[in-house]
Amino acid sequence: MDTMKKPEFSVGWLSGLSEIVRDPLLYELLKYCPLEIMRRWRFEDIPRGDFICRQGEVCQRFSLIIAGEVDVFYEAEDGRRYRQARYRKGDMVGELEIFESRHYICSVVAVDHVQLLSLSQEHFCRWLALDNHFNQRMLRFFSQQYYQLSKKASSDNLYSLHQRVCQALWLRYQQDGANEILLDKQNLSQEFAATTRSINRILHDLKALQIIDTDGERIVLLAPEKLKQEADIG
């Protein structure tokens with residue numbers, strides 16, 4: 001007779017837990033999670049391009065990004081996508097809608113291979129009641145999220161599309177430290193809620209002003225200071 005006790009946790013669960021323990025960022029976030037909640041963790045692998053949630057659907061789970069990146073976007077009735085944010089490891093999905101099972105405000109799609117830790121509404125709310133450390137981290141996340149969205153909304157209202165495209169080019173120039181920039185026009189059009197044609201028109205105008213030169217997705221910055229002026233950066 002086989003008297004060996006079956007393992008309490010699945011191999012996938014143990015593998016996910018091991019990854020969290022090894023990662024300083026995730027461990028700091030989850031280190032005080034009660035065992036009764038950890039037992040309810042579900043680890044998911046999401047392929048690139050798959051939806052994690054869709055705008056308008058009812059939220060029934062909370063998810064934490066363990067690995068990979070996702071785009072958060074609002075889709076207008078005409079099909080245009082307006083990207084709100086890009087989330088990474090340690091960021092949360094469904095944190096706004098989960099409390100009252102509201103409809104998702106935005107859709108979330110995997111930019112690359114993504115790993116999630118997910119919980120049902122019941123166990124998520126129980127977690128918050130038991131874990132003050134995680135509760136405080138949630139409040140901090142809400143604060144950062146609200147700050148970034150408010151900053152983006154202010155920029156969208158204060159600056160023209162021409163200025164925002166110039167600002168995006170200037171930021172890439174500052175980050176990369178090189179005059180050659182690879183630009184994803186489709187991604188930019190989603191971020192600014194504009195058509196690709198509008199983005200191309202602005203790039204054409206900048207080329208006519210001899211501020212940039214273009215070759216497909218490759219942009220060569222010819223006059224950085226002029227670009228800075230066009231971006232209205234002091």
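The model is predicted, so local features need pLDDT of at least 70, side-chain atom pairs count only at pLDDT 80 or more, and totals for chains, interfaces and linings use all residues. Residues are numbered from 1 along each chain as its sequence is written, and side-chain values use heavy atoms, with hydrogens and water left out.

**Glutamate 44**

Glutamate 44 belongs to strand S1 (residues 42-46); strands are DSSP runs (E, at least two residues), and helices are DSSP runs (H or I, at least four), numbered from the N terminus. With 17% relative accessibility, glutamate 44 counts as buried (under 20% relative accessible area; exposed is over 50%, partly exposed in between; 1.4 Å probe, protein chains only). Its side chain makes the polar contacts tabulated here. A polar contact is a pair of N or O atoms within 3.5 Å; within protein, one must be able to donate a hydrogen and the other to accept it, and residues adjacent in sequence count only if both atoms are side-chain atoms.

| Side-chain pair | Distance |
|---|---|
| Glutamate 44 and arginine 61 | 2.5 Å |
| Glutamate 44 and serine 118 | 2.6 Å |

**Alanine 67**

Alanine 67 lies in strand S3 (residues 61-67) and is partly exposed, at 21% relative accessible area. Leucine 26 is 41 residues away from alanine 67 in sequence, with 10.0 Å between their C-alpha atoms.

**Helices H6 and H8**

The axes of H6 (residues 161-176) and H8 (residues 196-208) come within 10 Å and cross at roughly 75°. The two helices are therefore roughly perpendicular (65 to 115 degrees; under 35 is roughly parallel, over 145 roughly antiparallel, the rest oblique).

Key:
Axes fitted to C-alpha atoms, helices over the stretch in contact; angles between N-to-C directions.
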